[in-house]
Amino acid sequence: MIDIIQEKLRSYDAANALEEENAVKEILQEIALYALWRGDFFDVALFQGGTSLRILHGLPRFSEDLDFLLRAPDPDFDWSPYLTVLADVFGQLGLTLDARPKAKMDSAIRQALLKNDSIASQLDLIFAGTGKPRTIRIKLEIDVNPPAGSGEDATYLDFPADYEVGHQDLPSNFALKIHALLCRGFLKGRDWYDFSWYVAKGTAPNLPLLRAALIQAGPWAGDESIAVNMPWLKDALGSTIAGLDWKAAAEDVRRFLRPAELKSIDLWSERFFMAKLDRLVPPPGLNANA
């Protein structure tokens with residue numbers, strides 16, 4: 001079955017070792033999604049985050065992790081049964097997978113790690129090199145206490161076989177991306193790349209979900225008086241944009257882009273993202289000034 005992976009890899013037409021490695025990671029991510037579907041995971045969870053944008057909506061950057069949230073809070077959620085299915089499905093495709101849950105670093109976020117150290121040599125890839133086997137790692141992360149108000153959708157995929165993925169709709173995914181932009185304790189340029197992409201697509205954020213997320217975690221945690229409307233949002237994002245090191249932000253995202261996209265991040269600056277912010281559209285039926 002390794003031949004279907006080789007065929008999929010050829011479709012990426014990777015130009016260098018880094019692109020090749022990113023492509024292999026994405027192929028394994030898609031197999032992992034298929035395996036999770038086989039294990040009925042999407043009955044209880046939704047796919048979200050940057051990798052969902054890449055795989056489901058064509059976001060032109062690679063992404064490292066698979067992020068999910070539960071459809072309903074469940075503090076007893078356990079990755080273990082799903083990891084067993086993952087290992088079985090990968091085995092059916094001729095790949096050995098080390099899949100194990102990680103220690104609980106955060107009671108609301110449960111992580112698991114997938115590792116494979118054979119695919120690079122099996123496919124005779126550039127980045128495999130010689131000597132020590134090259135290990136591919138993919139982190140799974142799920143929010144077991146998600147904020148209320150997320151919308152959802154479903155998409156059919158066809159690699160390595162036909163299956164269906166339940167996922168957040170774009171306005172809800174955008175809302176949680178904005179929450180990360182406002183509340184993450186460190187700079188992650190990939191967040192701002194995604195913000196630019198959402199704005200270019202004319203996606204309006206799910207403001208009720210954003211408000212629920214802000215009240216749940218971050219600088220506004222517990223502030224039930226917060227009024228998350230478009231003026232508030234543009235002011236908060238504008239303040240954040242004004243205080244960032246845009247050279248560092250661009251450098252963070254560089255390794256996830258193909259050569260055709262690299263030139264655009266030379267534009268990154270406070271002026272560039274303030275212009276993006278001016279184009280942020282309000283939800284349907286909501287005035288931009290309300």
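Q: Into how many nonpolar, polar and charged residues does the lining of the second largest pocket divide?
A: Ala, Val, Leu, Ile, Met, Phe, Trp, Tyr, Cys and Pro count as nonpolar, Asp, Glu, Lys and Arg as charged, and the rest, Gly included, as polar. This is a predicted model, where local features need pLDDT of at least 70 and side-chain atom pairs pLDDT 80 or more, while totals for chains, interfaces and linings use all residues. Residues are numbered from 1 along each chain as its sequence is written, and side-chain values use heavy atoms, without hydrogens or water. The lining of this pocket divides into seven nonpolar, two polar and two charged.

Q: Which element gives the largest share of the lining of the second largest pocket?
A: A pocket is an open set of points on a 1 Å grid over the protein atoms alone, where a 1.4 Å probe fits, with protein on both sides within 12 Å along at least five of seven lines; lining residues have an atom within 4 Å of a point. Here the lining includes P60, Y193, W197, E261, W268, F272 and K276. Two elements give two or more residues, α7 and α12 (270-278). The largest share, three residues, comes from α7.

Q: Which helix gives the most to the lining of the largest pocket?
A: The lining of the largest pocket divides into 13 nonpolar, twelve polar and 13 charged residues. Helices are DSSP runs of H or I with at least four residues, strands are E runs of at least two, and both are numbered from the N terminus. With six residues, the most to this lining comes from α6.

Q: Is K177 buried or exposed?
A: K177 sits in helix α6, residues 170-183. Contact means heavy atoms within 4.5 Å. Beyond four places in sequence, K177 touches D191, D194 and Y198. Buried means under 20% relative accessible area, exposed over 50% and partly exposed in between (1.4 Å probe, protein chains only), so at 10% K177 is buried.

Q: What is the relative accessible area of T51?
A: T51 belongs to helix α3, residues 50-57. Leaving aside neighbours within four places in sequence, T51 is in contact with Q29, S63, E64, D65 and L66. T51 is buried, because its relative accessible area is 0%.

Q: What covers the buried residues of α8?
A: In α8, residues 207-216, the buried residues are L207, L209, L210, A213, L214 and I215. Just after α8, G218 takes a positive phi of about 110 degrees. The cover over the buried residues of α8 includes β7 (163-168), α6 and α9 (230-242).

Q: What distance separates the C-alpha atoms of G222 and A35?
A: G222 lies in the loop between α8 and α9. Its relative accessible area is 57%, so G222 is exposed. A35 is 187 residues away along the chain, and the C-alpha separation is 38 Å.

Q: What is the omega of the peptide bond from F159 to P160?
A: Most residues other than glycine have a negative phi, and most peptide bonds are trans. P160 lies in the loop between β6 (152-157) and β7. The bond from F159 to P160 is cis, with omega near 5 degrees.

Q: Which loop holds D13?
A: Phi of D13 is positive, near 50 degrees, in a residue other than glycine. D13 counts as exposed, because its relative accessibility is 62%. Its place is the loop between α1 (2-10) and α2.

Q: What is the relative accessibility of D40?
A: D40 lies in the loop between α2 and β1 (45-48). Its phi is positive, near 60 degrees. D40 counts as partly exposed, because its relative accessibility is 47%.
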